[in-house]
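Hello,

Here is the structure for you to look through. My notes follow below it.

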Amino acid sequence: NTAFKSVDGVLFNMTGSSLLLYPAAHGSSYAVPDGTMTIGDYAFAYAKIQSIDLNHIQVIGSSAFYCSGLKTLNIPDSVITMGGGAFSGNYNLSQLTIGSGLTNISDTAFYGTMSLESVTIPSNIETIGQKAFEKSGLQTLTFAEGSKLKVIGVEAFRKCCLREIAIPKSVNTIRGSAFIENIYMEAVLFTEDSELIEIGDSAF
């Protein structure tokens, strides 16, 4: 076959630049090899993998890790694009670090990550997509100093367990239902020099 190759049971394109399929029961940990820049759509979907070294990956495809068994995740600074639903349904994910290469957290990226109790949104993120963290277990949401965040999407943090949030000065738009059904919410804080110009219906 001139289009694909298998490396230790994992399917790649012939040049090795794209990882296309990781068999569901292949192993609990994996290190992406040097030279691989893209993880394809659904490549790790339903995989029992618990940890991964993404090495120098630049692109993570849509639903790439849909319903995988990941417990920890470090998205390296090399990642500049992440498709919708990339880590949706990762119910066991409890530790997440987001690198400095991304400017957008895609729609439904971490939907349903029920074991994830805290996350820091790095300063480079400008947009948090629709339903990005909906139905996650988030109790603590921190925005890094110097945040460039502009838009918090529709239902981005719907049905989480947040108690208090401090909206960065840079945010100008909070879409409808962004934080709705956070039933433990006690306080939403804004800076005196907030750049906010739009709050959607039922945002909180």
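**What I found**

The largest nonpolar core holds 54 residues. A nonpolar core is a set of buried Ala, Val, Leu, Ile, Met, Phe, Trp, Tyr and Cys residues joined through side-chain atoms within 4.5 Å. Buried means under 20% relative accessible area, exposed over 50%, and partly exposed in between (1.4 Å probe, protein chains only). Those with the most contacts inside this core are Phe 44, Ile 105, Phe 110, Ile 128, Phe 133 and Phe 157. β2 (10-13), β8 (72-75), β10 (95-98), β12 (118-121) and β14 (140-143) each supply at least two residues of it. Strands (E, at least two residues) are DSSP runs, numbered from the N terminus.

This is a predicted model: local features need pLDDT of at least 70, side-chain atom pairs count only at pLDDT 80 or more, and totals for chains, interfaces and linings use all residues. Residues are numbered from 1 along each chain as its sequence is written, and side-chain values use heavy atoms, with hydrogens and water left out.

Now look at β14. Leu 141 and Phe 143 point to one face and are buried. β14 pairs with β12 in the parallel sense, over four bridges. Two strands pair if DSSP finds at least two bridges between them. Leu 141 is the bridge partner of Val 119.

There is also an open sheet of five strands. Its order is β11-β13-β15-β17-β19, with parallel pairing. β11 (104-105) and β19 (198-199) stand at the edges with a single partner strand each, so one side of each has no neighbour in the sheet.

Best wishes
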